[in-house]
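Here are a few quick notes from my pass through this one. Have a look at the sequence and the fold before reading on.

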Amino acid sequence: MKSKSKGGFSGSLGFILVAAGSAVGVGNIWRFPYLAAQDGGGVFLMIYLLLVLTFGFTLLTTDIAIGRRTKQKALTAFGSINSKWDFLGKLTFLIPIIIMTYYGVIGGWVLKYVTVYLSGNKSQATQSDYFTSFISSKVSPIVFMLIFMAVTVFIVYFGVEKGIERFSKMVMPGLIIMIAGIAIFSLTLRYTDTCGVERTGMQGLMLYLKPDFTGMTFSKFLKILLDAMSQLFFSLSVSMGIMITYGSYVKKDVNLSRSIKYIELFDTGVALLAGIMVIPAVYVFYGTQGMTSGPGLMFISLPRVFAAMGSIGTIIGLVFFLMVTFATLTSSISIMETLVANFMDLFHMSRKKTSLIMGIVFSAASVVICLGYNVFYFKLPLPNGQSAQLLDLMDYVSNSFLMPLISFLTCVFIGWVVKPKWIVEEMEASGDKFTRKKLYSVMVRYVAPIIMAALFFQSTGIL
Ligand code: PFF
């Protein structure tokens with residue numbers, strides 16, 4: 001990113017692809033399907049889509065326009081507009097710090113599955129307790145996490161993300177084609193369980209697409225809203241400083257409005273397809289009870305899908321997990337790069353020294369997170385009704401608790417202190433029209449602050 005900060009992105013396509021590379025990661029392929037399944041499918045999906053078009057658009061626009069107008073990284077961007085709001089930059093910077101403590105752990109899980117398919121032992125992975133016994137073992141998850149972190153740090157250390165970006169531009173289309181192909185295959189599945197009940201992929205698809213409001217209560221609705229909103233933040237990489245930093249590299253003549261539309265479309269498209277790939281398969285093999293299994297969902301259901309494909313399933317499984325590893329790596333690099341770039345400025349240290357220190361600190365933190373499944377195991381009830389161990393707790397603190405707070409403060413700052421006109425001017429600086437101008441102003445001044453405040457209180461358990 002250092003190299004980019006000198007030259008900026010070459011044009012809007014470069015910007016869209018790099019921003020999408022950060023946005024598309026395990027959030028889309030792993031986190032989105034398990035939340036959608038947990039929250040009953042259709043209702044979650046409907047709320048999520050509505051949020052992308054309103055909140056997602058508002059928050060992404062705000063972040064990117066702040067970045068381009070101030071030409072600053074998140075840590076200093078807010079303070080450069082108004083010194084009283086300098087604290088918001090620091091608060092925002094907390095998010096990548098928290099996420100980096102566990103993103104590499106999930107990267108390690110994905111990497112482990114690459115080796116499962118590489119060794120040809122794919123039938124092992126279809127056993128229902130395979131994933132749980134892997135993550136709760138003491139050594140293996142740490143080894144895989146350390147390999148994943150080492151690769152991330154290696155790339156940031158040598159400042160070669162440009163090369164990796166070029167590589168990810170080739171991998172991304174491949175990943176999308178794979179996900180679409182596996183999704184279609186998932187729909188053709190059928191399975192008769194031990195009670196003689198036959199379930200089909202198409203029934204699973206209906207569960208995913210059709211909102212079912214029976215038994216819906218206000219607090220249940222709020223919980224789904226919080227889940228969908230936390231997913232939106234995480235998936236789009238908004239309210240965490242990343243998009244502000246990327247915005248600062250974009251040239252003035254780039255049509256921001258159009259770029260934002262593409263980033264939203266790309267990120268949401270991959271998430272929706274990943275849902276079609278995972279949810280019908282879980283339903284077919286494990287019924288509706290299986291859908292509540294949470295973070296392990298993708299790792300439990302996909303091996304069954306690959307097994308159902310016969311011998312070709314081993315190769316498809318291998319290529320799939322390899323591609324997910326790369327998507328995870330591009331996101332993890334974007335988080336690590338943000339941390340390194342900011343700490344370099346803060347402590348006036350070289351890139352290499354900062355990368356090494358960050359690598360050691362966050363690998364140590366990730367070891368603690370890995371041990372959260374055995375040595376440090378606890379079950380903490382969260383205000384959203386789920387029970388959490390360390391990884392879930394970090395995820396909850398960053399995505400469900402801090403992000404609504406940061407978004408609330410950002411919207412109040414832009415909507416009432418700076419005024420939306422400041423953002424609109426930046427959006428139109430390229431000479432293009434900002435078509436969703438009215439929607440933006442209403443969202444940033446009224447709707448977003450109210451909903452964000454409600455979600456913040458909901459996440460604390462007050463509401
Ligand atoms: N948006 C990424 C995903 O969906 O996996 C995750 C992510 C990337 C989070 C970059 C935070 C970040 F700074």
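The points below go from the overall chain to one helix pair and then to the ligand.

1. First, a reminder that this is a predicted model. The protein chain has 20 helices and four strands. Along the principal axes, its C-alpha atoms fill a box of roughly 65 × 50 × 40 Å.

2. On overall packing: a compact globule of 463 residues would have a radius of gyration near 23 Å, and the protein chain comes out at 21 Å, which agrees.

3. As for handedness, H4 and H14 have a right-handed crossing.

4. Who makes that contact? On the H4 side the residues are Val52, Gly56, Phe57, Leu60, Thr61, Ile64, Ala65 and Arg68, while H14 brings in Leu256, Ile260, Ile263, Glu264 and Thr268. By class, the residues of the H4 and H14 contact split into eight nonpolar, three polar and two charged.

5. Now the ligand. There are 16 residues around the ligand, and Gly25, Gly27, Ser237, Ile242 and Ser331 come nearest. Helices H2 (12-23), H3 (26-38), H6 (86-118), H12 (218-236) and H16 (312-347) are the elements that each give two or more residues to this shell.

6. What is the make-up of the shell around the ligand, by nonpolar, polar and charged residues? It has eight nonpolar and eight polar residues, with no charged ones.

Methods:
Residues numbered from 1 in each chain as written. Predicted model: local features only at pLDDT ≥ 70, side-chain atom pairs only at ≥ 80, totals over all residues. Left-handed = near helix turned anticlockwise from the far one by under 90°. Contact = placed C-beta atoms within 7 Å. Nonpolar A, V, L, I, M, F, W, Y, C, P; charged D, E, K, R; others polar. Near = placed C-beta within 6 Å. Rg over C-alpha atoms; globule rule 2.2 N^0.38 Å.
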